[in-house]
Every structure is written in C-alpha cells, then in structure tokens.
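Hi,

Here's the structure I promised to pass on. Have a look, and then read on for what turned up.

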Amino acid sequence: EDGCGMKMLRLPDGRFAGVGYKFELDTLINLTSLPLRDDDVLLCSYPKSGCHWLWQNIRFLLDDRVTLDAVDKETGMVEIHSREYFHGLPSPRILNIHERPEHMPADLMKGKAKIVFVYRNPKDVAVSFFHHFKGFSAYCLEGNFSNFLKRFVQGLVISGGIFDYLKEWETFFKKNPHIPRIILSYENFKMNPIPERRRLASYLCTQPSDLFLQEIKDATSLDVMRDLKGEVKNSAGQSVFYRKGKIGDWKNYFTV
Ligand code: A3P
C-alpha cells in the first residue's frame, strides 16, 4: 500500500503481483523451473500492450480456423494458473507471460519454445494501465491520471518499469540470437493488419490464404472480442480488457 492508495501483492524478491485477479504465487515464484515444450509459443509482453489481441491471432493461425467462442488468453496466462494446469494443457500451448527475461523458465535457454514479443507506445500503455487499475476496485487506486503516471514511471506497478522491461528484453535478444523470436508492435499490427499477420503466420510456420487472414482480422476486432468474452467489467459496467483499442489515446490524458 502506498500514498496513491494502491494495493498490490509483493513477492519476496520484490516483484509486484496483482490483486485484481487471483495470481498464482507459487507459479510466479518458481517460474524458472516451469517445464516448456518444443512447440510452446511464449507470448511475451508488458501488460496492456495488446496481448489478448495477439493471443487470439496466434490461436487462430495455429488452429487453422476461426472459432467464435469465449476462450481467450487467460487460458494461457502464466501468472494466474498452477503448474499442474499448464502440465494438462494440450500442445501447442500459447503461454502469455509479462515477466522479465531473468525470471523466465530456464528451458527457454535450451532453445525450447518460440517467443512472440509485442510492445506498444509506453504512453498508451500508461493510459491503458491506469484504466485497468481503476477498473479493478481491489487495487484501490485513488487519484487521477497524473498521480498514476508518477507511479508508472517509477515502475511501482505490476511488471515494474516499462523502460527497464523493454531494455532487458532487448539485451536478452541481442545476447541470445539462438532463441527464436518475432518482434511485433501494437501500432504496426493495427496499421498493417494483413502484412503483419502474414509475417506472424510465416514465423509460426503456417500458410494462411489472404482470405483466411482477412477472416482472422475480422474475428479479432475489438468489438467482436469484447462481445464474445463478456468478461470482467468495472464498477461502471465497462469492459476492463477491451476498452478503446486505439493508437494515441494518450493525447487525451497527457498535458503538454
Ligand atoms: P486500451 O486500454 O488502450 O483500449 P492487454 O491485452 O495486453 O491487456 O492490452 C489491453 C489493451 O489492448 C487495451 O488497450 C485493449 O482495448 C486493447 N485491445 C484488446 N483487444 C484488442 C483488439 N482486438 N484490437 C485492438 N486493441 C485491443
């Protein structure tokens, strides 16, 4: 708890974990020993960078079909499930994870799993995160965006500071060229929907037609995903995970 009224769990090693969802502390603390499989896809991102969206795109590409149901990235979200749960998931697993390289499963260094890394303009991430914490009353976030921005810049949020997060992953990728990765940005994925999906498909070794890519694009629009999920709502009845889905919403929140 701090001056902002905000509450989070703190792990023994200093990492923050959420209280809005039931975080699985045992999984988080012992993450480095989580066994990976050769065909795992690890979707790595700082929170609020579009991982629900990317997860669904990866799922449809790997399944080679679109399924309009409520299954989404929470199915593969490492932070909220037990090790036994992951053990029971069928292959190929799409595991979504917000941790830094030092806390990643050690199997990753053995060349197991493929990384899909997605990042987003930190200013839009800050705004999205603000709404996320406001949306879950358990975080008790008080104050306006300016108050929250100070916390965000200091890294006093889940996953710590975004600048360190991105820097550490960049260093990790440079040092470990043998680890398969594709780097995507939220903005590019939105502005170049078909070419970016084709690039992702080729990395995942699938060969979708242009028609199928268009079908995936339509099925992963914000409105379709929001309607299908019918998920967590804030106290005002708005969706927490599927909010605006825009590039540049930060301009409505940052002062000059
Ligand atoms: P905003 O709060 O700016 O709207 P994550 O999935 O990593 O938690 O990221 C959440 C952000 O991605 C939210 O941003 C959310 O609206 C946006 N998002 C979720 N689904 C999306 C989609 N299908 N298309 C575009 N943006 C999406």
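Which are the buried residues of H6? This is a predicted model, by the way. In it, the buried positions of H6 are Ile162, Tyr165 and Trp169. Looking down the axis of H6, those buried residues fall within an arc of 60 degrees, so they line one face of the helix. Strand E5 (114-119) and H4 are among what covers them. On the other side of H6, you'll find Phe163, Asp164, Lys167, Thr171, Lys174 and Lys175 exposed. As for its dimensions, H6 runs over residues 162-175, 14 residues in total, and reaches 20 Å from first C-alpha to last, close to the 20 Å expected at 1.5 Å a residue.

Now the core. The largest nonpolar core has 49 residues, and the ones with the most contacts inside it are Leu42, Leu43, Leu54, Ile58, Val116, Phe117 and Val118. H2 gives the most to this core, with seven residues. If you zoom in on Val118, leaving aside residues up to four places away in sequence, you'll see that it touches Ser45, Ser49, Gly50, Cys51, Leu54, Leu184, Ser185 and Tyr186.

Then there's the ligand. It has 21 residues around it, of which Cys51, His52, Ser128, Arg243 and Gly245 come nearest. Helices H2 (51-63), H4 (122-135) and H10 (222-229) each put at least two residues into the shell. Sorted by class, that shell holds seven nonpolar, nine polar and five charged residues.

Cheers

How values were computed:
Residues numbered from 1 in each chain as written. Predicted model: local features only at pLDDT ≥ 70, side-chain atom pairs only at ≥ 80, totals over all residues. Near = placed C-beta within 6 Å. Helix = DSSP H or I, 4+ residues; strand = E, 2+ residues; numbered from the N terminus. Nonpolar A, V, L, I, M, F, W, Y, C, P; charged D, E, K, R; others polar. Core = buried A, V, L, I, M, F, W, Y, C linked by C-beta atoms within 7 Å. Buried ≥ 20, exposed ≤ 12 C-beta atoms within 10 Å, placed from the backbone. Contact = placed C-beta atoms within 7 Å. Expected span 1.5 Å × (residues − 1). Arc of directions from axis to C-beta.
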